[in-house]
Amino acid sequence: MQKLEVGQRIYNGGDQANPSHFGAITAIRDDKWGLKYEVTPDPDDFYPWGAYWIDAISISPVYLGHGGTRIVTVEAFEAWHAARMAAFETSAR
C-alpha cells in the first residue's frame, strides 16, 4: 500500500474488545521498526481509548467486510459499502 498522509480518513472494523469506528491519521512515524500511523477516532464515534498507533502493514488495500480486512481507508470501506448496497437493490427487485 502507498504511504498515507496526515488527514487520511480511516475505518476500523473493530473486534471483540474494540468498537468499530471512523477516524483520521493525525501523525506518522517511520523508525527502525517500520512505518506507523497514529489514528484519532472521530469524536462522535464511541471509542473511549482515544488515539492509537497502528503499523502501516495493518491497513488493507480493500475491505471485504470481515476481520481479515479490519482497518482500511474510508474510500475502500465506501467502495465495499456501495457494492453491497447495489447487490441488495438488485436482489430486492
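Let me begin with a term: a residue is called buried when its relative accessible area is under 20%, exposed when it is over 50%, and partly exposed in between, using a 1.4 Å probe and protein chains only. By that definition, 31% of the 93 residues of the protein chain are buried.

A word on where this comes from. What you see is a predicted model, in which local features need pLDDT of at least 70 and side-chain atom pairs count only at pLDDT 80 or more, whereas totals for chains, interfaces and linings use all residues. Residues are numbered from 1 along each chain as its sequence is written, and side-chain values use heavy atoms, with hydrogens and water left out.

Now the overall layout. The protein chain has 1 helix and 5 strands, these being DSSP runs numbered from the N terminus, with at least four residues (H or I) for a helix and at least two (E) for a strand. Their order along the sequence is β-β-β-β-β-α, and the C-alpha trace spans about 55 × 30 × 25 Å along its principal axes.

Let me turn to strands 3 and 4, which pair in the antiparallel sense over 4 bridges; strands are said to pair if DSSP finds at least two bridges between them. Within this pairing, Glu 38 has Trp 53 of strand 4 as its bridge partner. In a regular strand the side chains alternate between the two faces of the sheet.

Lys 36 counts as buried because its relative accessibility is 11%. Its side chain makes a polar contact with the side chain of Asp 55, at 3.1 Å, where a polar contact is a pair of N or O atoms within 3.5 Å, one able to donate a hydrogen and the other to accept it, and where residues adjacent in sequence count only if both atoms are side-chain atoms. Leaving aside neighbours within four places in sequence, Lys 36 is in contact (heavy atoms within 4.5 Å) with several residues, among them Ile 28, Trp 53 and Asp 55.
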